[in-house]
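Open the model in your viewer and keep the selection tool at hand.

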Amino acid sequence: MRYEKDHKQATRHRIVEAAGRRFKEDGIDSAGVATVMSDAGLTNGAFYGHFESKEDLVANVLADQLRAQRESFETGVSDRAGLEAFIRSYLSSEHRDQSAEGCPSAALLDEIVRRPTATRRVFTDELMGVTDDIAAILDPTDTEAARADALALFGLMLGTLQLARALTDRDLSDQVLVRGVESALKLLDGS
């Protein structure tokens with residue numbers, strides 16, 4: 001059976017999308033190749049036609065998800081008001097409750113720490129694109145100097161979201177999100 005020229009690329013994209021959702025929902029180590037391929041509607045045998053290993057898939061998922069996050073940020077955030085709206089959206093109960101559809105960093109950070117250097121490098125490179133976009137808003141005249149502030153701001157947001165997701169007390173979780181927004185906005189005002 002002959003496939004159209006773009007079939008392999010579309011299939012690869014389908015696997016990456018399915019893996020992204022599954023990794024963020026179950027964790028990288030808990031999501032096996034068989035489950036990811038089933039989620040993508042494909043057989044296990046098709047996996048190695050697209051990826052060398054599960055780690056190769058992990059690196060591709062991180063790159064894809066972080067690029068998509070950056071593209072969304074770039075189209076929706078162009079000034080401080082947009083950055084404030086981004087903070088409020090990021091630290092919302094909706095984002096907290098939808099980890100499979102949300103930020104890959106918040107869902108996977110604790111696992112990324114234990115990945116091989118090459119995978120962590122992909123994460124670092126892509127995450128720095130997002131933080132550099134934040135830095136450009138914090139101080140358009142000196143984004144290099146604003147980079148540390150942008151990392152601190154994004155780190156606060158990541159940690160707040162992770163903590164809010166981990167708490168079983170929904171009211172306390174909501175309070176953590178509210179305080180996280182307040183703290184992030186103070187950082188934003190202080191930059």
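Which backbone oxygen does the side chain of threonine 160 reach? Select threonine 160 and leucine 156 in this predicted model. The side chain of threonine 160 comes to 2.7 Å from the backbone oxygen of leucine 156.

Now colour residues 143–166, which form helix H8; threonine 160 is part of this helix. Is threonine 160 buried or exposed? Its relative accessibility is 10%, and buried means under 20%, so threonine 160 counts as buried. To see what surrounds threonine 160, show Leu91, Val176, Leu177 and Gly180: these are its contacts once neighbours within four places in sequence are set aside.

**The whole chain**

Switch to a cartoon view of everything. The chain has 9 helices and 0 strands. Read from the N terminus, the order of elements is α-α-α-α-α-α-α-α-α. The radius of gyration is 18 Å, close to the 16 Å that the globule rule gives for 191 residues, so the chain is as compact as a globular protein of that length. Turn the model about: along its principal axes, the C-alpha trace spans about 60 × 40 × 30 Å. If you colour by accessibility, buried residues come to 41% of the 191 in the chain. Among contacts with a separation of 6 or more, 68% are between residues 24 or more positions apart.

**A loop residue**

Next, select alanine 40, in the loop between helix H2 (33–39) and H3. With 6% relative accessibility, alanine 40 falls under the 20% limit and therefore counts as buried. Which residues does alanine 40 touch, not counting those up to four places away in sequence? Show Arg14, Ile15 and Ala18 to see them. Then draw a distance from alanine 40 to lysine 54, which is 14 residues away along the chain. The two C-alpha atoms are separated by 15 Å.

**The largest pocket**

Finish with a surface view and look for the largest pocket, which holds about 440 Å³ of space. It is lined by 21 residues, and those closest to its centre are Gln69, Ser72, Glu101, Gly102 and Cys103. Colour helix H1 (7–26), helix H3 (54–76) and helix H4 (80–90), the elements that each give two or more residues to the lining. Which of them gives the most? H3 does, with 7 residues. Colouring the lining by class shows 8 nonpolar, 8 polar and 5 charged residues.

Methods. Residues numbered from 1 in each chain as written. Predicted model: local features only at pLDDT ≥ 70, side-chain atom pairs only at ≥ 80, totals over all residues. Heavy atoms only, no water. 1 Å grid on protein atoms, 1.4 Å probe; cavity = no way out; pocket = protein on both sides within 12 Å on 5 of 7 lines; lining within 4 Å. Points joined across faces, edges and corners; volume = space filled by probe spheres on them. Helix = DSSP H or I, 4+ residues; strand = E, 2+ residues; numbered from the N terminus. Nonpolar A, V, L, I, M, F, W, Y, C, P; charged D, E, K, R; others polar. Buried < 20%, exposed > 50% of the residue type's maximum accessible area, 1.4 Å probe, protein only. Polar contact = N/O pair within 3.5 Å; in protein donor to acceptor, adjacent residues only side chain to side chain. Contact = heavy atoms within 4.5 Å. Rg over C-alpha atoms; globule rule 2.2 N^0.38 Å.
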